[in-house]
Amino acid sequence: MAESENIVVETAEKIFSDLADAQTINHDKKGEWKAPLWQALTEAGLPLAWVPEDCGGSGASLAEGFAVLSAAGRHAIAVPLAETMLAGWLLAQAKISSPAGEMTVIPAAPKDRITVGADGTLSGRARSVPFAKAAKHFAVLAGNSIALVDASKCRIEAGIGLGGDNSDIVVLDKVEPTATKPAPKGFDQTQLMLMGGVVRSLQIAGALEAMLDISVRYSNERVAFEKKISKFQAVQHNLAKLAGESAAALAAATSAADAIANAKSFDDAVFLEAASAKIRCSEAAEKGGGIAHQVHGAIGFTIEHILHRFSLRALAWRDDFGSESYWAVELGKMVANRGADELWPLVASR
Amino acid sequence: MTAALRFDPIRLPPECEQLRKEVRAFLADEIAAGTFDPHKPNREDTDAPEFSRRVGAKGWLGMTWPKKYGGQERSFLERYVVTEEMRVANAPTRRFFVADRQSGPVLLKYAPEHIKLDILPRICRGEICFAIGMSEPNSGSDLFAAKTRATKTDGGYLINGTKIWTSSAHIADYMIAIFRTSPPTKENRRHGLTQFLVKMKQPGIQVNPIGQITGQYEFNEVVFTDYFVPDDHVLGEIDGAWKQATSELAYERSGPERFLETYYVLTELVRAVGKNPDTRSAEGIGRLVAQVHTMRRMSVSVAGMLQAGKEPVVEASIVKDIGTVWEQQLPHRVRDLAAFVEETATNRETLERQLSFAIKTAPKLTIQGGTTEVLRGIIARGLGLR
């Protein structure tokens, strides 16, 4: 989708530029930027973008929402926008209306399980739940049910992730949900993880775009050995490699988003797209982020500089909804199970 | 943003899927008839003139070109499908590949009408083979150091000098080459080279084979001694070849051949590990498949943007840079993963033979058609660094 042609994406970009400037946020030790940003996002209907109007949301398309998240990645947005969108999307699968305020999804790791008891209560332990502490509600996938849960009814063991954002443990001990409905036929945790993985892939790709941009700009300003460092071939080639990683992440993530936005079902081809995006974007976060830091030298290692807002978040996002190692194993198993002669037909299927 | 890269998520249109079925059926028939062995990636010095004619008869050569020159006026995305299916099947495309991808489009743009009408239909029929005369003994990546001279004479030019590393020159019917018509100027060291169409297999041209580390003889040295080229074989502007080279490179750099050259070892690895791979093999295969999928999505995206009339020059260079680095690493990663494949795997010998060949092929992949270093320079320029 051409982003500049879309009003939803334009609105998001404007809010991010006005209220989430990386430099301003980095210098705001009290976190005063957070409330106005969230309020503006809420007024624009963005946290519930993926919720149909009859479920209390703004009913944007999947493609529009994905484009908003790419932009959120480019600005390294550190409020639970992606998480609330994902939670609203999950609830909408079961036609459960979304409440106002911050939400996140549970589980956020492929191997964590929440179960439904005979009395309809939910139990289980979910690790690495992004922004659980900030959330007022959780969208929970428990077996074949989707549930809305009041966050105050759960025990939260707060933690801080690699990127500096909350990544918490949530314990549900016979929690009575606000609403429960059966998940649509065939909807399972793999689909939730793949959807979450594509969201993170878009954010990583966005962060890499930003890292490329600020690294190029810095190299054109910084003088060493009596010339701009952008004139050194070693630096140029490093930046060309960063461009390659950024490009690969962008292509993999937008392709997977497009595949999901247009999919009739989560078939093997969609699995290939989504798993590949998470694998390739995570690899790019390491390689590309490493180059961005190398180009910046010591200044990029300081807390004062904005680079870490992008580089560390990109690294942290690798771990959410299944790491690249996890998805590589799953994808490898799927490919092996289909057999050698079915690999190319799968790769060339779209 | 100083560097806005674009990779639109382009899908192949429905007509491509029908075409893909036709190409697969055609290749299956050729394999069944014994034309080539898909498990044996040795097409580089395999000359298959009859196969070439049959591909031409299908309408799959010059398929994007105007009908009056023998083309089909089909899209670049359809050509993409034919190219990738041929590549993955290890079909012997050497005889027509260069003409179809590169030489034909140059002639379409710069050759006089009577030459287009003469030569292009023969390319489309799969009858003729082209070579590209760029490198010289002291001029490789530094194209503009070329010294082979074209001296004006009555009705044409006399060529003297040597081209080197010229693939397929020993079987080629024509070569498109750059020769020096003037010295470079102080202001522009790229000035003074002119592109020519050269008819091969004539007196005044001597082709000497050069062995490669794969054991094949694909390279040649081509020596010109007072070889006459008529005036109407000049392609484009005299002394201005440098202006012509850049715009076509996006097509050349971003095709499926830029990341699928060693793909066959991945297929064979999947076969060797079987239906229930251990965790190590599964993870290794998963990462490799994620790469090849990503490369293909990037490559299709560039093809689609070209079809839509855009000029994704930097994006195309990125595809070739990371695509060739990946296809170069692939046999080594497959070797790592194959280390613990059961001795009893039925295709073990095939895999080992393929790995041996792919590992020997690997070094050239980041050199041919623009080295990694040159590509990164182009990307750096696109990023605004030079």
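Helices (H or I, at least four residues) and strands (E, at least two) are DSSP runs, numbered from the N terminus. Residues are numbered from 1 along each chain as its sequence is written, while chains are lettered from A and ligands numbered from 1 in the order in which they are written. The model is predicted: local features need pLDDT of at least 70 and side-chain atom pairs count only at pLDDT 80 or more, whereas totals for chains, interfaces and linings use all residues.

Chain A has 11 helices and 10 strands. The C-alpha trace of chain A spans about 75 × 55 × 40 Å along its principal axes. The radius of gyration, taken over C-alpha atoms, is compared here with a globule rule of 2.2 Å times the number of residues to the power 0.38. For 350 residues a compact globule would have a value near 20 Å, and the 20 Å of chain A therefore agrees. A residue is buried if 20 or more other C-beta atoms lie within 10 Å of its own, exposed if 12 or fewer, and partly exposed in between, with C-beta atoms placed from the backbone. Of the 350 residues in chain A, 56% are buried. Two residues are in contact if their C-beta atoms, placed from the backbone, lie within 7 Å. Among the contacts in chain A with a separation of 6 or more, 72% join residues 24 or more positions apart.

Several loops of chain A contain backbone features to inspect. Lys95(A), in the loop between α5 (81-93) and β1, is not a glycine but has a positive phi of about 60°. Lys95(A) counts as partly exposed because it has 13 C-beta neighbours inside 10 Å. Phe131(A), likewise not a glycine, has a positive phi near 60° and belongs to the loop between β3 (122-130) and β4 (137-142). Because it has 24 C-beta neighbours inside 10 Å, Phe131(A) counts as buried.

Helix packing comes next. Axes are lines fitted to C-alpha atoms, for helices over the stretch in contact, and angles run from 0 to 180 degrees between N-to-C directions. Angles under 35 degrees count as roughly parallel, over 145 as roughly antiparallel, 65 to 115 as roughly perpendicular and the rest as oblique. In chain A, the axes of α7 (residues 233-261) and α8 (residues 268-296) come within 8 Å and cross at roughly 155°; α7(A) and α8(A) are therefore roughly antiparallel. Their contact has 18 nonpolar, 6 polar and 5 charged residues (Ala, Val, Leu, Ile, Met, Phe, Trp, Tyr, Cys and Pro count as nonpolar, Asp, Glu, Lys and Arg as charged, and the others, Gly among them, as polar).

In chain B, the axes of α10 (residues 313-338) and α11 (residues 348-365) come within 9 Å and cross at roughly 150°, which makes α10(B) roughly antiparallel to α11(B). Residues of α10(B) including Pro331(B), Val334(B) and Ala338(B) take part in the contact, as do residues of α11(B) including Leu351(B) and Leu355(B). This contact divides into 9 nonpolar, 3 polar and 2 charged residues.

The two chains also meet: the contact takes 44 residues from chain A and 47 residues from chain B. On the side of chain A, α6 (189-221), α7, α8, α10 (324-338) and α11 (343-347) each supply at least two residues. The largest share, 15 residues, comes from α7(A). By class, this side of chain A has 24 nonpolar, 12 polar and 8 charged residues.
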